[in-house]
Amino acid sequence: MLMTNTMKIKLTSLLLVCLSFSAFANYHYRLDLVSVVDDKIMVELTPPKVTTNTIEFHIPRVVPGTYSISNFGQFISSFKAYDTAGDTLEVARPDGINRWEIKNATQLSKITYWVEDTWDSDKGNVFEPSGSNIEEGKNFVINTFAFFGYLDGMKEMDFELTVSKPNGFYGSTSLIPTSTSEGEDKFFVNGYNLLADSPIMYCIPDTVTRNVGGAEVLVSVYSPNGITNAASVMDGIAPILEAQRKYLGGTLPVEKYAFIAYLAPVGGKGVRMGALEHSYSSFYYMPEVSNARTGDMMKDVAAHEFFHIVTPLRIHSEEIHYFDFIDPKMSKHLWMYEGVTEYSASHVQVCNKLITIDQYFQNLSQKMTIASFMLDSVPFTEISSGCLDKYKAQYLNVYQKGALIGACLDILLNDLSNGEMGLQELMRKLERSYGIDKPFKDDSLFDKIAALSYPEIREFFAKYVEGPNPLPFEEIFAKAGIIYEKNPKEKVLSFGKVGIEGDEEKGCYVVTATNRMNKFGKKMGYKVGDELISFNEKEIGLQNFPEVLADFRANRSRGDKIVAVVRRPDGKGGFKVKNLKAKAYAVRQKGQNILSLDAHATKKQIKVRKGWLNI
């Protein structure tokens with residue numbers, strides 16, 4: 001290629017920038033995806049200079065967004081520390097899992113260890129979207145916190161990551177490489193928090209990019225059998241992205257965002273389908289099904305995960321900003337981080353006419369019904385703070401009652417402002433007050449929100465979020481001219497009146513009681529121990545059972561043939577797959593929480609309703 005002097009100067013400047021990045025990085029990591037041994041990958045670290053005699057190296061025990069203990073250190077083996085002469089240093093493991101204490105650390109020159117993937121391991125119980133995958137020559141899912149650690153007290157330093165990759169492979173990520181070639185990528189990252197927040201998937205590329213609201217949006221898909229492609233996924237989520245652009249004020253507050261999806265063959269390894277949000281990307285572990293079904297599945301999930309670019313990326317407490325990967329203190333505000341995000345994911349759709357009012361009301365009704373079976377006598381802030389331990393079993397309610405708190409808050413704000421201010425306007429005010437680099441104190445948020453809005457909002461938090469009182473649905477929905485009925489008389493299709501519980505270890509719902517089965521349940525022939533695979537032709541995971549049940553009730557009628565696929569213990573330590581069949585059966589059921597528009601709403605109620613739902 002003919003090169004002008006100007007081009008030479010620009011290339012020289014770019015080279016100097018890359019070299020300066022490398023020179024000033026404190027941590028130099030190398031990951032070798034070419035030389036896989038026994039389904040493990042070698043990691044090599046040149047660490048920053050250590051000035052203490054001993055120092056601990058940490059691999060995360062807990063990572064943001066999962067709200068569960070993962071213990072990624074259990075997937076690390078053959079950990080070695082070397083001095084400047086190449087001799088090994090003495091290493092101890094204080095907790096036996098996630099911490100390595102290095103002696104004579106002032107001489108520390110290099111660290112090496114091997115990483116095995118979580119998806120194939122029988123260790124621990126790591127949710128697939130937060131785990132790792134090593135398929136030599138095919139696919140590598142690099143959730144960075146599963147591969148890379150940091151020296152205690154030195155987490156804020158800069159990291160350079162060099163990845164040796166197989167020919168033809170591409171690394172899909174929100175990170176922008178400082179250099180890339182056929183066999184190697186380099187990334188420069190400011191601090192461990194951002195490194196841990198940036199997953200990368202390496203494989204033969206199937207990617208699509210699109211500009212949305214000034215942001216470069218990447219969709220990357222790995223479909224082992226070629227059933228689904230990135231273009232179809234982009235087409236499926238594009239309307240949501242455009243709606244979110246409008247919803248967030250016309251532009252998106254990021255330069256680049258990556259949707260990274262691994263589509264697992266049905267019946268293959270891994271059963272816990274879902275997604276994990278990151279500040280500038282989200283990773284999806286979904287079943288490998290047709291383009292149309294994949295797009296439909298990802299639409300709502302992607303809407304939720306994408307909204308995390310607002311919270312906790314731009315609005316978060318000190319507990320999030322200074323996250324302790326070994327022994328974190330949990331924030332009181334999961335109602336906002338996950339609840340408001342979940343609320344916004346469906347609210348954006350009704351406001352932009354992507355779903356109907358009736359569909360939106362069904363969504364809220366479903367959340368009320370599920371929340372009614374959860375603990376409602378303990379303040380939501382207390383449940384949030386104890387989500388890792390004491391109230392771990394209540395975490396599902398974050399997506400139910402947490403979202404309902406968001407709905408009630410939105411209506412109240414519109415009522416107090418006469419339809420001029422809603423929850424999104426409040427969030428933008430909070431973003432201007434805080435932002436990526438300025439966290440709030442956990443105990444100050446409610447007072448700050450009241451200062452930015454109305455004193456009545458502080459009273460709402462005191463009673464229904466900090467306090468143990470149930471949300472006053474009838475009173476609040478009436479402000480928007482919405483009629484709320486808790487126990488309507490119409491019948492609904494039954495699942496069979498069996499007891500089921502989510503089993504995190506197995507990654508599915510399991511039938512735990514059949515003593516109260518109704519006519520439909522008896523015809524189906526459920527048995528204790530049945531693991532639910534699908535119902536009404538919809539796969540069932542830990543996260544989507546309510547949606548499967550709602551779809552069944554909305555799209556089937558009494559007398560329709562229904563099939564449930566279960567994995568049933570065979571009494572010999574194994575399982576057999578059974579198809580259970582019966583005709584749909586309707587029952588009178590309490591607690592359906594029906595919402596409907598009040599035909600006699602006042603002008604004030606209609607104005608509040610318009611501000612809330614854009615109708």
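**View 1. The side chain of Thr144 and its surroundings.** A polar atom of the Thr144 side chain lies 2.5 Å from the backbone oxygen of Leu195, in a predicted model. The definition of a polar contact is a pair of N or O atoms within 3.5 Å, where within protein one must be able to donate a hydrogen and the other to accept it, and where residues adjacent in sequence count only if both atoms are side-chain atoms. Thr144 is placed in the loop between β9 (139-142) and β10 (150-151); helices (H or I, at least four residues) and strands (E, at least two) are DSSP runs, numbered from the N terminus. With a relative accessibility of 1%, Thr144 counts as buried, a term that means under 20% relative accessible area, whereas exposed means over 50% and partly exposed in between (1.4 Å probe, protein chains only). Not counting residues up to four places away in sequence, Thr144 touches Leu195, Ala196, Asp197, Ser198 and Pro199, contact being defined as heavy atoms within 4.5 Å.

**View 2. Strand β20 and its partners.** In strand β20 (residues 281-287), seven of the seven residues are buried. Strand β18 (residues 256-264) pairs with β20 in the parallel sense over seven bridges, and Tyr262 stands opposite Tyr285 in β20; two strands pair if DSSP finds at least two bridges between them. Strand β19 (residues 274-277) runs antiparallel to β20 and is joined to it by four bridges, with a hairpin of three residues linking β19 to β20. Within β20, Tyr284 is the bridge partner of Ala275, and Ser282 that of Glu277.

**View 3. Trp335 and the nonpolar cores.** The largest nonpolar core has 144 residues, of which Phe57, Tyr113, Trp335, Phe460 and Trp612 touch the most other members; such a core is a set of buried Ala, Val, Leu, Ile, Met, Phe, Trp, Tyr and Cys residues joined through side-chain atoms within 4.5 Å. Apart from it lies another core, of 24 residues, including Leu493, Met517, Tyr526 and Ala586. Leaving aside neighbours within four places in sequence, the contacts of Trp335 include Phe380, Gly402, Leu409 and Phe461.

**View 4. Gly422 between two helices.** Gly422 is in the loop between α9 (401-416) and α10 (423-433), and is buried, with a relative accessible area of 6%. Its C-alpha atom is separated by 8.2 Å from that of Leu409, 13 residues apart along the chain. Beyond its neighbours within four places in sequence, Gly422 is in contact with Asp410, Leu413 and Asn414.

**View 5. Phe535 in strand β25.** Phe535 lies in strand β25 (residues 531-535) and is buried, with a relative accessible area of 1%. Among its contacts, leaving aside neighbours within four places in sequence, are Phe495, Phe520, Met524, Tyr526 and Phe552.

**View 6. Confidence along the chain.** The mean pLDDT (the predictor's confidence in each residue, from 0 to 100) of the protein chain is 90, and 94% of its residues reach 70 or more. Over residues 1-23, pLDDT stays under 50, and the model has nine contacts beyond four places in sequence for them. Where pLDDT is low, the predicted coordinates should not be read in detail.

**Notes to the views.** Residues are numbered from 1 along each chain as its sequence is written, and side-chain values use heavy atoms, with hydrogens and water left out. In this predicted model, local features need pLDDT of at least 70 and side-chain atom pairs count only at pLDDT 80 or more, while totals for chains, interfaces and linings use all residues.
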